[in-house]
Structures are given as structure tokens and as C-alpha cells.
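User: I'm new to this one. Can you walk me through it?
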Amino acid sequence: FAFNHNIFETLMFPNTLKSPNKKIPSYINKVRAESIKKAFLHSYNGYRKYAWGHDELRPVSNGTANNFNCWGVTIIDSLDTMIIMNLRKEYQEAR
């Protein structure tokens, strides 16, 4: 899509649309969804690389934490998100 100079404001501040009855254009929702998916994959891939099988990743140190008896709570907690985001490869690996 062509970049609109107002897209940042619309993405970050949707209430600034000119009319309260104006619907958010579908391409903005698509951009938002892709941004969320990209953020999830960034976080999940960091977990896979540095903390796989542990409960949590400590993102600053790339260390791990096992506050839930080391049963890989992040993996379990991510499964439904993977299904919603249609991340089949990641889901198959995690289940």
C-alpha cells in the first residue's frame, strides 16, 4: 500500500479520525494485525533461541526463569495465540 503521511497518527491514535462515525479503513486493521504478528514472532523466536523448555525468558540478559516448576509455561501459553495467528509451523513445533 502507498504510505500516507497520516497513517502513523491513525494507527497510533485511532480516535483522531475526523468523524466519530467514520470506520477505520481495512488496510489499517491489516497493518495493525501484521505488526502484532511480527511482535509476537520476535518475542517467541527469542524465547525459542534462549529459553526453550524453561518457563520464561529474561529478555535483557537472555537468561531464563523457572517460576512455574520448569514445565515450559511460555510454550503452553503461546499455543492459542499461534492458532489465532495461523502460525502452523510454530504451533506444530510447540505442541
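User: How many aromatic pairs does a search of the whole structure find?
Analyst: Four aromatic pairs. Rings of Phe, Tyr and Trp (its six-membered ring) pair if their centres lie within 6.5 Å; planes under 30 degrees apart are stacked, over 60 edge-to-face, the rest tilted. This is a predicted model, where local features need pLDDT of at least 70, side-chain atom pairs count only at pLDDT 80 or more, and totals for chains, interfaces and linings use all residues. Residues are numbered from 1 along each chain as its sequence is written, and side-chain values use heavy atoms, without hydrogens and water.

User: How do tyrosine 44 and tyrosine 47 pair?
Analyst: They are tilted, 6.3 Å centre to centre, with 35° between the planes.

User: Where do those two tyrosines sit?
Analyst: Both are in helix α2 (residues 26-51), three residues apart, so about one helical turn separates them. Helices here are DSSP runs of H or I, at least four residues, numbered from the N terminus.

User: Is tyrosine 47 buried or exposed?
Analyst: Buried, at 2% relative accessible area. Buried means under 20%, exposed over 50%, partly exposed in between (1.4 Å probe, protein chains only). Tyrosine 47 also forms a tilted pair with tryptophan 52: centres 5.9 Å apart, planes at 55°. Tryptophan 52 is partly exposed, at 36%.

User: Which residues do ring pairs link into a cluster?
Analyst: Phe40, Tyr44, Tyr47 and Trp52.

User: New topic. Which residues are buried in helix α3?
Analyst: In α3 (residues 73-84), they are Val73, Ile75, Ser78, Leu79 and Met82.

User: What do they pack against?
Analyst: Against α2 and α4 (88-94). Contact means heavy atoms within 4.5 Å.

User: And just after α3?
Analyst: Asparagine 86 takes a positive phi of about 60° there.
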